[in-house]
Structure formats: C-alpha cells, structure tokens
Amino acid sequence: MKQSDPGGLKPVDRHLADILTTVQPLPPLEVDLERALGAVLAEDVSSPVALPPFDNSAMDGYAVRAEDVAGAPVSLPVIEDIAAGDAELRAVGPGLVTRIMTGAPMPGGADAVVPVEWTDGGTTRVTIHKAAPYGHAVRRAGEDVQAGDVVLSAGTRIGAAQLGILAGVGRRRVVVRPRPRVVVLSTGAELAEPGKPLAHGQIWESNSFMLAAAVREAGGEGFRAGAVTDDPQVFLERLDAQLVRADAVITSGGVSMGAYEPVKEALGPLGTVRFEKVAMQPGMPQGFGVVGPDKVPIFALPGNPVSSFVSFVLFVKPALRRMQGLPASLPETVRAVTTSPLRSPEGRRSYLRGVLTGETVAPVSGQGSHQLAALASADALIVVPEDVTELPAGSEVEVIAL
Ligand SMILES: Nc1nc2c(c(=O)[nH]1)N[C@H]1C(S)=C(S)[C@@H](COP(=O)(O)OP(=O)(O)OC[C@H]3O[C@@H](n4cnc5c(N)ncnc54)[C@H](O)[C@@H]3O)O[C@H]1N2
Ligand code: MOO
Ligand SMILES: [Mg+2]
C-alpha cells in the first residue's frame with residue numbers, strides 16, 4: 001500500500017484501489033442447488049436437452065388436424081386421452097382427435113389443439129364449435145432453450161428464477177462463489193443491546209445490525225459478533241474467536257483520535273492493518289488490512305453510524321463483489337439536480353444524504369454523521385467533489401442511488 005498524501009488525506013479512489021488489491025475472489029465451490037440461492041455462479045451452465053424437450057399442448061383440449069376442424073362446427077370421434085407424462089401415444093388419423101391435457105406430448109398426426117372451451121367437452125365424440133388454426137396452442141420443442149445453449153453465465157447471481165432454470169435444465173449441483181461470511185464486531189463502552197433498558201450515557205447499539213444487514217444485501221452472510229467495550233485485549237480475544245468462520249471482518253468504532261480507541265490500539269501494532277484519514281465526509285478515519293494466519297481482510301470502520309454506512313457502500317460493498325468474482329468499483333452514479341444548496345468541507349469528497357425523485361435530489365435535513373434517522377429517510381448519496389465547497393440550488397450533481 002502507498003503512503004498517505006503528504007500533509008493530507010488519502011483519496012477515496014486510492015483507498016478503494018488498495019482494498020481491491022488485497023481482497024481476492026473466494027475459491028469456487030460445488031454446492032447442492034438447495035444451497036445456491038444468493039451465490040454467484042462460477043461456471044457457464046448449458047442445457048443437455050432442448051426445452052421443452054418435445055412438442056406439447058399449451059392447453060387442456062383436443063389434439064386435432066387443423067384441416068379437419070376448419071369447417072367447424074364439426075363432430076369427431078375421440079380416440080384416447082393423453083395426460084401430461086404419457087409416453088405411448090396413438091397417432092391421430094384423418095377425421096380423428098385425441099383428448100389432451102396441458103403439458104402432454106402432441107400425438108403424431110395432430111398439428112393443433114382446440115381448447116376445451118371451444119367444444120362440448122365430449123369424451124368419446126366431441127363437437128368442436130370453433131376452428132383452431134395450424135399450430136394453435138402447441139408448444140414446440142426447443143422454443144425456450146436449444147440443447148447445448150448456455151442458460152446462465154458465470155458471474156450471474158442466483159435468484160429464484162435462476163435457481164428455477166438450473167433445476168429446469170436438470171442440474172442438482174452447481175459451482176458457485178460462496179456468499180462471503182462476514183463477522184461484524186462493534187466496539188464502545190456506551191453501547192446497550194436493543195431491547196434492554198438504556199442507562200444515562202448509553203445509546204442502543206445499531207451499527208452491527210445495520211452492517212450485518214448491509215452484508216446480506218450485498219450477497220454475503222453477515223454475523224453479528226456483538227459489542228465489546230473499549231478494552232483492546234478483549235477486542236483481540238473476541239476477534240480471534242471469530243476468525244475461524246470469517247471470510248472478512250468489519251469492526252465499527254474505536255479508530256479515531258480519542259483516549260479509548262480499542263480497534264486502533266489492538267490492530268495498529270500488528271503491522272498488517274493501516275489506519276488512515278481518507279478524504280471523505282463522512283467516514284474520514286478508516287482502517288484496513290488483514291488479520292490472522294489466513295490473512296482475513298478486516299475493515300475497521302468509523303463508529304459514527306452514518307460514517308459506518310457510507311464506508312460500507314464505498315469500500316466494503318465493492319470488496320464483497322470482488323470476493324464473489326464480480327466486477328468491483330466505486331458505486332455507479334446518476335446525474336440529478338439538487339433542490340437545495342449544498343455545502344462540503346474543502347479537500348474532502350462529501351456524500352450527503354438525499355431523496356431522489358426523478359431527475360432531482362433533495363438533501364435531507366440532518367447531515368451529521370450521527371444522524372441515523374436522517375440516513376434512514378434518504379435513498380441516495382449526493383457526491384460533492386473534493387474541490388467544491390458550495391453548490392447553489394439547481395446545480396447538477398452525481399448521485400449514488402441506495
Ligand atoms: N479529535 C478528533 N476527534 C474525532 C475525529 C478527529 O479527526 N479528531 N474524527 C471524528 C470522526 S470524523 C469520526 S467518524 C469519529 C470516529 O470515531 P470512532 O471510529 O473512534 O468511533 P467511536 O469513538 O467509538 O464512536 C463514534 C460515535 O459513534 C457512536 N457509535 C459507535 N459505535 C456505535 C454502534 N455500534 N452503534 C451506534 N453508535 C455507535 C459512538 O457512540 C460515538 O458517538 O470520531 C470523530 N472524532
Ligand atoms: O468523517 Mo466522520 O466519519 O465525519 O463522521
Ligand atoms: Mg473514538
């Protein structure tokens with residue numbers, strides 16, 4: 001990693017670049033389909049057969065020769081019933097029909113299906129009131145997928161529909177990048193567990209819930225490892241106990257200039273975690289490095305809740321993407337016009353909380369790093385560049401949609 005800028009702050013882009021140099025994709029793993037939801041495919045998956053594998057009926061009705069029903073109304077003999085799954089079919093000769101169900105294979109000779117609603121529903125003889133043209137309600141073999149077609153490419157996140165097609169092409173096991181397991185550890189003597197009473201001087205601990213949820217939203221598995229007080233030794237012990245199950249660790253708090261900064265005090269001396277000031281607001285104090293024999297990446301995020309959240313969006317989320325074998329970069333932005341004037345400290349890139357409506361964005365009231373309620377009311381981060389300190393209402397800005 002490079003040194004910080006002399007006399008100043010490390011650029012946001014450089015901090016992310018350092019992180020992405022260290023963080024590597026997790027090794028691919030073959031898993032049962034039941035465990036694949038949310039993981040990212042690490043192989044191209046093709047279909048061994050065409051889908052549908054055979055011509056079949058799209059409706060419950062009668063398989064006919066279109067020319068036999070062209071003069072409807074007509075009355076024709078029914079030679080048999082075909083249910084979905086039936087394999088031994090009698091061919092439909094001229095002037096004959098077969099009763100057929102949705103999904104059942106088309107019998108030889110038939111080239112259209114008359115829906116039951118267009119008939120009297122007869123079982124030995126049927127009166128067809130309306131003609132079905134050639135090919136009507138017939139689903140052709142290969143209409144969805146040709147044999148050998150790649151249905152999903154490596155790098156695709158497996159959602160419900162993707163899981164469906166994996167099963168649909170007969171796969172039981174797939175090779176994926178597993179969801180990164182991320183342990184979230186909060187620090188602070190003032191933190192009380194939500195649900196417990198609050199003593200004077202305490203606040204309810206929110207960051208571990210928020211960050212573990214953010215991990216899940218980013219495709220990982222987030223584990224809350226609770227909050228530890230401000231003792232670096234206790235912090236190190238807790239961290240050590242958690243490392244076995246972690247592909248990455250996020251800590252919150254204890255990284256700034258106070259007298260009790262357990263994360264900085266515990267990790268600083270290891271020499272593998274660097275604490276820096278990044279040119280951003282919020283989220284200036286940042287720690288990043290590796291810990292333990294397996295060199296597990298660790299993100300030591302600032303404790304202010306909004307700072308933690310913004311740090312996650314800018315640094316942890318791209319790192320989790322890389323771990324999942326996906327392209328990683330700073331979040332994409334869209335352009336919008338600010339409805340109110342914006343202020344930003346000189347030399348730091350601001351990420352102001354706002355509400356995006358079409359092509360305008362309105363900063364929320366309450367831009368402090370502690371104002372979590374204001375963050376929760378926002379759906380966007382307004383990016384104000386390092387060299388800009390003020391922007392009048394009506395200015396064009398870059399916005400990250402949350
Ligand atoms: N003299 C200076 N003081 C501070 C500086 C500085 O440069 N010089 N930087 C400020 C900035 S910017 C930030 S951000 C914070 C970072 O502080 P820490 O990472 O050391 O975090 P803490 O001191 O532990 O807590 C800060 C703040 O956040 C609340 N907090 C912490 N953890 C949680 C949690 N899990 N859930 C809810 N809230 C939490 C904590 O109570 C504090 O209010 O430092 C500034 N100070
Ligand atoms: O930079 Mo701090 O992260 O303002 O709150
Ligand atoms: Mg502190």
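Which strands does helix H1 (residues 12-22) lie across? In this predicted model, helix H1 lies across S18, S20 and strand S21 (296-301), and it runs at about 10 degrees to S20. Helix H7 (residues 305-323) also packs on the sheet, where it touches strand S13 (181-187), strand S17 (248-252), S20 and S21. The direction of H7 makes about 165 degrees with that of S21.

The sheet itself is open and mixed in its pairing, with 6 strands in the order S16-S13-S17-S21-S20-S18. Its edges are strand S16 (221-228) and strand S18 (273-277), each of which pairs on one side only. Neighbouring strands are turned by 15 degrees against each other on average, direction ignored.

Turning to charged side chains, the whole structure holds 16 salt bridges. One of them brings Asp18 and Lys10 together at 2.7 Å, N to O, and both of these residues are buried. Another joins Asp32 to Arg172, with the closest N and O atoms 3.0 Å apart. This pair links distant parts of the chain, 140 residues apart: Asp32 sits in strand S1 (residues 29-32), and Arg172 in the loop between helix H3 (160-168) and strand S12 (173-177). Arg172 is partly exposed, with a relative accessible area of 47%.

Finally, salt bridges with shared partners join Lys10, Asp18, Arg274 and Glu276 into one network.

Conventions: Residues are numbered from 1 along each chain as its sequence is written. Chains are lettered from A and ligands numbered from 1 in the order in which they are written. This is a predicted model: local features need pLDDT of at least 70, side-chain atom pairs count only at pLDDT 80 or more; totals for chains, interfaces and linings use all residues. Side-chain values use heavy atoms; hydrogens and water are left out. Two strands pair if DSSP finds at least two bridges between them. Helices (H or I, at least four residues) and strands (E, at least two) are DSSP runs, numbered from the N terminus. Axes are lines fitted to C-alpha atoms, for helices over the stretch in contact, and angles run from 0 to 180 degrees between N-to-C directions. Contact means heavy atoms within 4.5 Å. A salt bridge is a side-chain nitrogen of Lys or Arg within 4 Å of a carboxyl oxygen of Asp or Glu. Buried means under 20% relative accessible area, exposed over 50%, partly exposed in between (1.4 Å probe, protein chains only).
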